[in-house]
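Subject: Structure handover

Hello,

Here is the structure for your review. My notes follow below it.

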Amino acid sequence: MSRVRRALIVATAIGLAVPMLHLTAPTSVAATGCNPDNAVAGDLNSDGVADVVVGVPDYDGERGAVDIAFSDGTRSFRTAASLGLTSNPGDRFGESVATADVDNDGCDDLAVGAPGYDSSKGRVSLLFGRTDHTLAMGSTLTGTAAHGSFGAQVLLLTTEKLTATGYVRTGQQLVASAPTADDGSAWEAGQVVVQPLTSSGALGSGKVTITQNSPGVPGSSENGDRFGTALAGQGRAIVIGTPNEAVGTRSNAGSVTMLSATDAAPTTFAGVGVTQNSAGVPGTAESGDRFGEAVAYRDHYVLVGVPGETIGSATYTGQVHVLNFNPATRTVKSLRAVNQNTAGIPGANETGDCFGSSVALGVNTVDQLSAVVGAPGEAIGSVLGAGAVTMFRANKAGGFAWSVRQGDGYIAGTPEAADHFGATVSVLGGDLADGESMVDGVVIGAPGEDIGTINDAGSVTWTRSTDVWNSLLLEDTGAVDPPADTHFGATLATP
């Protein structure tokens, strides 16, 4: 098929309320034209509208890439080599991507993980956004643990401080996990690194490494835990998913660790841990549940995916937990568990749905805070693994809930076996200037999507409004057609 059709496919949705490059020289100076007053999460070129950023770690022998769809339709496809970085097969550049304005100029910036770099020591690169759709190369941070996969997950954290000239982001931090790093004699126990950034986005002093053996961190480092498999955060809070954690004798039952720091001691993290055996948490920790496979955090709410959960006779049907974490007191409260048999939630619990494989939290003007939950194993009729995404009110029970899939009238395409629509989900930041009318968009990955006869090329579906959904394919790589087995959509940026 011609590459002309790669950029945009539009489908009309009815009644849906969403809960909602070119290399430049390294610089630490704010880019001309970036406007801090725009203040939209995920807006790389400061036009007041968030951009869609997709990591493509499987591209070109797993050298990897990042593909950006700017809000004006401009596309920018970048490999590590095009940014002046060394690039080798297996680096997996783009395995993780996070956005935030770390140099406080009004253009959001990118942190990009390459966990396979240097025999899986791993590396994270910081790229600065610009108004002309370019990226300026910033600092790189390389993992130190052998086979640690540093950069498997990344976050960019900022806090805001009111000054005489308005709110200014302060105390920026780059957070990256190395889930297969050893901790002493505990192999693949995992670790999370917090790297302070200066006001210009350069690497600062005071880097700390957090493991389950660190003071103030619950639990202990054990063989194969892979602490840091999932990451989420906001402000001075970090939520860490450890789905391989054993609970008692139950292997891979999973746990979630919620940590916070203060402005006075921004790298001193402590907190609480939660499993499905914790007091007040619904359910029971069981082998293979993988509690914490995916996590999201926003405004004190934590969404935890448990894709391996068995409910009744439905194995691996999955569920999610909604928690509330208070960073100031470092206390957690379980609000409820939700699965596809929960009253008001579309669908039904079926074997292999893997509901909760991906999760996100977004603002919705109808229901305030909404959960976005992927079920990439969902069968559509007799089509196995086609996938679906469910959205429902997160901050309280009840309210609107709905499910979307390919070819349902909202979204283009046809459900096909192993498309895995919903393998990844994220949100597009709404305009804060809209006040109570602010709505976040939704982004959904289908990394198993076939394009004609091209297997597992992958696709991404996104929406900003209540009536239009758009689909993206991999941007022009110089080939006539998107390459097979690229799994476009396997990584979405975290704003």
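**Cysteines and the disulfide**

Cysteine 354 is partly exposed, at 22% relative accessibility. The terms here are buried for under 20% relative accessible area, exposed for over 50%, and partly exposed in between (1.4 Å probe, protein chains only).

Before the rest, the ground rules. This is a predicted model: local features need pLDDT of at least 70, side-chain atom pairs count only at pLDDT 80 or more, and totals for chains, interfaces and linings use all residues. Residues are numbered from 1 along each chain as its sequence is written, and side-chain values use heavy atoms, with hydrogens and water left out.

The structure holds one disulfide (a pair of cysteine sulfur atoms within 2.5 Å). Cysteine 34 and cysteine 107 form it, with S to S at 2.0 Å. Cysteine 34 sits in the loop between β2 (23-24) and β3, and cysteine 107 in the loop between β6 (96-100) and β7 (109-114), so the bond ties together parts that are 73 residues apart in sequence. Strands are DSSP runs (E, at least two residues), numbered from the N terminus. The torsion about the S-S bond of cysteine 34 and cysteine 107 is about -90 degrees, so the disulfide is left-handed. Cysteine 34 is buried at 12% relative accessibility. Cysteine 107 is buried too, at 0%.

**Cavities**

The largest cavity holds about 110 Å³ of space. A cavity is a set of points on a 1 Å grid over the protein atoms alone, where a 1.4 Å probe fits but cannot get out; lining residues have an atom within 4 Å of a point. Grid points are joined across faces, edges and corners, and a volume is the space filled by probe spheres set on the points.

The largest cavity is lined by 15 residues, and Asp51, Val53, Val427, Leu428 and Ala493 are the closest to its centre. β3 (52-55) and β26 (424-428) each supply at least two lining residues. β26 gives the largest share, three residues. By class, this lining has ten nonpolar, four polar and one charged residues. Nonpolar covers Ala, Val, Leu, Ile, Met, Phe, Trp, Tyr, Cys and Pro; charged covers Asp, Glu, Lys and Arg; the others, Gly among them, are polar.

The second largest cavity has a volume of about 50 Å³. Its lining includes Asn35, Pro36, Asp101, Asp108 and Arg169. Here the classes are three nonpolar, two polar and four charged.

**Cores and contacts**

The largest nonpolar core has 19 residues; Val102, Ala111, Val124, Leu126, Phe150, Leu156 and Leu174 touch the most other members. β6, β8 (123-129), β9 (135-142), β10 (153-163) and β11 (166-178) each give two or more residues to this core. Such a core is a set of buried Ala, Val, Leu, Ile, Met, Phe, Trp, Tyr and Cys residues joined through side-chain atoms within 4.5 Å. Another core, of 18 residues, lies apart from it, with Leu44, Leu83, Tyr117 and Met137 among them.

Glutamine 172 is found in β11. Glutamine 172 is buried, at 3% relative accessible area. Beyond four places in sequence, its contacts (heavy atoms within 4.5 Å) include Val102, Leu157, Gln195 and Ser199. Glutamine 172 and alanine 100 are 72 residues apart in sequence and 9.3 Å apart in space, C-alpha to C-alpha.

Leucine 231 lies in β14 (230-234). Leucine 231 is buried at 6% relative accessibility.

Best regards

How values were computed: On a 1 Å grid over the protein atoms alone, a cavity is a set of points where a 1.4 Å probe fits but cannot get out, and a pocket is an open set with protein on both sides within 12 Å along at least five of seven lines; lining residues have an atom within 4 Å of a point. Helices (H or I, at least four residues) and strands (E, at least two) are DSSP runs, numbered from the N terminus.
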